[in-house]
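Please read the following account alongside the sequence and the coordinates. It goes from one chain as a whole to the interface, and then to single residues.

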Amino acid sequence: MGSEARKRSREKLREQREKEKRAAKRNRTLIVVGAAAAVVLLVVGIGYAVLTSDNSDGYEGPLAAQTLQEDGSVVMAEPDASAPVVEVYADYQCPACRQFEHFGGDVLKEQAAAGTAIVHYRPMSIFAQQPVPISSNSLRAGAAARAAADYGVFVEYNDTLFENQPTEGKDGFTVDELKQWFRDTEPSDEDAQAFDDRVDGEAEIVKEFTEEYLPALTADATEQIGEENIGTMVLSDLISWGASNGHDPAFLEGTYTGEIIDATGKAYTRYSGANEFRATPSVYINGELLDGNTAMSARGLSDAIAEAGDGEVNTEPMDSDGGGDAEENP
Amino acid sequence: MTETHDDTPTSRPTGRWETVQPWLTLACRVGLAAVLITAAVTKFPPALSVQAVEAYDLFPTEVAQFIGHVLPLFELALALLLLVGLATRQVGAVGALLMIVFIAGILSAMARGLNIDCGCFGGGGQVDPGETTYGLSIARDIAFAAMGAFIALWPRSPFALDRALGLFR
């Protein structure tokens, strides 16, 4: 009887001890997990603050003067500024270009306005040979941006295009959107009408180019000079080949679509060696290619500009007679 | 979880598994931490990792921006915790979960016929059709998830802060 009671009380004591032990362990686990959570919050919080500290969130100041160049590119700079020349090659359908615009666009505007940089926008279409709608989106947007440059609102329009970039492979940059975005810059009725006509015309050209001309040309060229050789050709070379092989590119002449294809071809031969143009976005300071990590962060870009000497713009301004209306008629 | 692998030093049998397991767990901790640090560092700068997130076409722009910034930092924090061995079990489980989320993302990209790079270790964005490596990425993530699961199931290992704090001795 006595041993029964002792056994029971011993059992109880052990249970009690086990319970306390479990509670202590639970507490230790809670403390440890809490500490770990705090570490995560700290690392992520501080890291986030540091990473976003150099995001210039929206330069809202006045823009430096925009000057359309003979080849359809646009220089944004204070008049007579002596500063490093920052060339920006971008395709409106390229997601990385949109990121560049997001992180670096305001730095460029701010520096151009302050006279510490001469910004040379060189829109292009590296996607012109991709399947529709990637190619057609890219070309329509490029041509529309060029048209906006005729009215001195290239930089504003450039921003709008990147903000509204369609997902790759989806239809976007529609004719109606392109027209509306220009109207958002508050042009005169006459200018808006001329812009609309231009965009309509270019859209026709883009359709013909991407859906008829290029597939036929590519098929022929594949047969005659081989897929491998085509892979190494830039589009403008392929078109030249087509010109003497029954694929007349005359319909591109005088169009902004043709101009942007041409500008894209020339970019590939403009630089050599380590500075060779390979992809978009590419950023050059005084002709020197910036590496991707530098170009893609606002701080890297600012530092690179600060370290560079003065440069020369390597294109000539378009004859200025009120914004190029003279060659507006297709 | 169960009591089997926890701090009951007196009653633990000293079999072969009991000697080897802590070192296996340590190897998984270091290995997974190395993977996470590589993944975090190659995602820099954020512009690139934001683009990689956007390529999945799953989130609105602002959310993609946020994920692109925070994900590499989160990976870095997990790696740090694995290395010092704090809250080993929970961190291992979170690591495994993270990998499962990644696998789900890749599967969804595959199912929707996207042609993207997973952006797991930098890179990301569109690639040519036929140049996707979804199978490899998923296999890799399964292996990483397994390491995380191993850590979560057998958190006892040497060189861990948990030990100093009286857990998984």
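Contact here means that heavy atoms lie within 4.5 Å of each other. In this predicted model, residues 24 or more positions apart account for 71% of those contacts in chain B that have a separation of 6 or more. Chain B is built from six helices and two strands, and from the N terminus its elements follow the order α-α-α-α-β-β-α-α. Its C-alpha trace spans about 60 × 25 × 25 Å along the principal axes. Of the 169 residues in chain B, 48% are buried. The chain exposes about 7,800 Å², and carbon and sulfur atoms supply 72% of that area.

Part of the surface of chain B is a nonpolar patch, made of B:Val30, B:Ile37, B:Val41, B:Leu76, B:Leu80, B:Leu83, B:Val84, B:Leu161 and B:Leu165, with about 690 Å² of accessible area together. Helix H1 (16–42) and helix H3 (61–84) of chain B each supply at least two residues of this patch. The largest share, four residues, comes from H3(B).

The next topic is the contact between the two chains. Chain A contributes 29 residues to it and chain B contributes 31 residues. Between chain A and chain B about 2,700 Å² is buried, and carbon and sulfur atoms give 70% of this area. On the chain A side, A:Lys25, A:Val32 and A:Leu51 supply 20% of the area that chain A buries against chain B, more than any other three residues.

Polar groups also meet across this interface. Five residue pairs are in polar contact between chain A and chain B, and two salt bridges are found there. In one salt bridge the side chain of B:Glu54 meets that of A:Arg98, with 2.7 Å from N to O. On the side of chain A that touches chain B, helix H1 (2–53) and helix H2 (95–114) of chain A each supply at least two residues. H1(A) gives the most to that side, with 15 residues.

Which residues of H2(B) are buried? They are B:Pro46, B:Ala47, B:Ser49, B:Val50, B:Gln51, B:Ala52, B:Val53, B:Glu54 and B:Ala55. Nine of the ten residues of helix H2 (residues 46–55) of chain B are thus buried, so this helix is largely enclosed by the rest of the structure. After H2(B) comes B:Asp57, which has a positive phi near 55 degrees.

B:Thr42 belongs to helix H1 of chain B. With a relative accessible area of 34%, B:Thr42 is partly exposed. Leaving aside residues up to four places away in sequence, B:Thr42 touches B:Phe121 and B:Gly122. A polar atom of the B:Thr42 side chain lies 3.2 Å from the backbone nitrogen of B:Gly122. From B:Thr42 to B:Gly130 the separation is 88 residues in sequence and 24 Å in space, C-alpha to C-alpha.

Some backbone geometry remains. Most residues other than glycine have a negative phi, and most peptide bonds are trans. B:Ala87 has a positive phi near 50 degrees, and is found in the loop between H3 and helix H4 (88–111) of chain B. Is B:Ala87 buried or exposed? B:Ala87 is buried, because its relative accessible area is 1%, and the cut-off for buried is under 20%. B:Phe159, also not a glycine, has a positive phi of about 55 degrees. B:Phe159 lies in the loop between helix H5 (134–153) and helix H6 (161–164) of chain B, and with a relative accessible area of 63% it is exposed.

Chain A contains cis peptide bonds. The bond from A:Val132 to A:Pro133 is cis, with omega near 5 degrees, and A:Pro133 is found in the loop between strand S4 (118–123) and helix H3 (134–149) of chain A. Another cis peptide bond joins A:Thr280 and A:Pro281, where omega is about -5 degrees. A:Pro281 is in the loop between helix H9 (256–270) and strand S5 (282–285) of chain A.

Key:
Residues are numbered from 1 along each chain as its sequence is written. Chains are lettered from A and ligands numbered from 1 in the order in which they are written. This is a predicted model: local features need pLDDT of at least 70, side-chain atom pairs count only at pLDDT 80 or more; totals for chains, interfaces and linings use all residues. Side-chain values use heavy atoms; hydrogens and water are left out. Patches are made of residues with over 30% relative accessible area and no salt bridge: like charges are joined within 9 Å, nonpolar side chains (Val, Leu, Ile, Met, Phe, Trp, Tyr) within 5 Å. Accessible areas come from the Shrake-Rupley method with a 1.4 Å probe; for residues, only the protein chains shown count as cover. A salt bridge is a side-chain nitrogen of Lys or Arg within 4 Å of a carboxyl oxygen of Asp or Glu. Buried area is the accessible area (1.4 Å probe) that two parts lose on being put together, summed over both. A polar contact is a pair of N or O atoms within 3.5 Å; within protein, one must be able to donate a hydrogen and the other to accept it, and residues adjacent in sequence count only if both atoms are side-chain atoms. Buried means under 20% relative accessible area, exposed over 50%, partly exposed in between (1.4 Å probe, protein chains only).
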